[in-house]
Amino acid sequence: MAKNTSNKLVVPEARQALNQMKAEIASELGMSNYESMDKGNLTARDNGYVGGYMTKKLVEQAQRNMSGK
């Protein structure tokens, strides 16, 4: 399977924080032990929820930073 090269991190140092955020969001959504799960066994909907909530939280954080709050 070809590796998707479009998902490179702009700031590689953020990888650990993003992985932590992903685990926290998955836990909030009821997916305990997300880090050790085989993501291939999750439904597209479940994986999409995690990514969608991550995006939502990152956008909210960026908006707060831009507004100075």
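Colleague: Where does Asn33 sit?

Modeller: Asn33 is in the loop between H1 and H2. Keep in mind that this is a predicted model.

Colleague: What is the phi of Asn33?

Modeller: Positive, about 60°, although Asn33 is not a glycine. Most residues other than glycine have a negative phi.

Colleague: Is Asn33 buried or exposed?

Modeller: Exposed. Its relative accessible area is 54%, and the cut-off for exposed is over 50%, so Asn33 qualifies.

Colleague: Back up a bit. What comes just after H1?

Modeller: Gly30, with a positive phi of about 90°.

Colleague: And just after H2?

Modeller: Gly68 is there, and its phi is positive too, about 80°.

Colleague: Overall picture, then. How many helices and strands?

Modeller: There are 2 helices and 0 strands.

Colleague: What does H1 look like in numbers?

Modeller: H1 covers residues 15-28, which is 14 residues. From first C-alpha to last, H1 reaches 20 Å, close to the 20 Å expected at 1.5 Å a residue.

Colleague: Now H2. What span should H2 have, and what are its end C-alpha atoms actually doing?

Modeller: H2 has 24 residues, so at 1.5 Å a residue it should span 34 Å. Its end C-alpha atoms are 34 Å apart, which agrees.

Colleague: Packing next. Which residues of H1 are buried?

Modeller: Met21, Ala23, Ile25 and Ala26. These buried residues pack against H2, residues 44-67.

Colleague: Why might Met21 and Ile25 point the same way?

Modeller: An α-helix has 3.6 residues a turn, so residues three or four places apart point the same way.

Colleague: Who meets whom between the two helices?

Modeller: On the H1 side, Leu18, Met21, Lys22, Ile25, Ala26 and Glu28. On the H2 side, Val50, Tyr53, Met54, Lys57 and Leu58.

Colleague: At what angle do the axes cross?

Modeller: Roughly 115°, and the axes of H1 and H2 come within 9 Å.

Colleague: Left-handed or right-handed?

Modeller: The crossing of H1 and H2 is right-handed.

Colleague: Last topic, surface. What share of the residues is buried?

Modeller: Buried residues make up 13% of the 69 in the protein.

Colleague: And the accessible surface of the protein, what does that come to?

Modeller: About 5800 Å². Carbon and sulfur atoms account for 51% of that surface.

Technical notes. Residues numbered from 1 in each chain as written. Predicted model: local features only at pLDDT ≥ 70, side-chain atom pairs only at ≥ 80, totals over all residues. Heavy atoms only, no water. Helix = DSSP H or I, 4+ residues; strand = E, 2+ residues; numbered from the N terminus. Expected span 1.5 Å × (residues − 1). Buried < 20%, exposed > 50% of the residue type's maximum accessible area, 1.4 Å probe, protein only. Contact = heavy atoms within 4.5 Å. Axes fitted to C-alpha atoms, helices over the stretch in contact; angles between N-to-C directions. Left-handed = near helix turned anticlockwise from the far one by under 90°. Areas by Shrake-Rupley, 256 points an atom, 1.4 Å probe, with all protein chains shown as cover.
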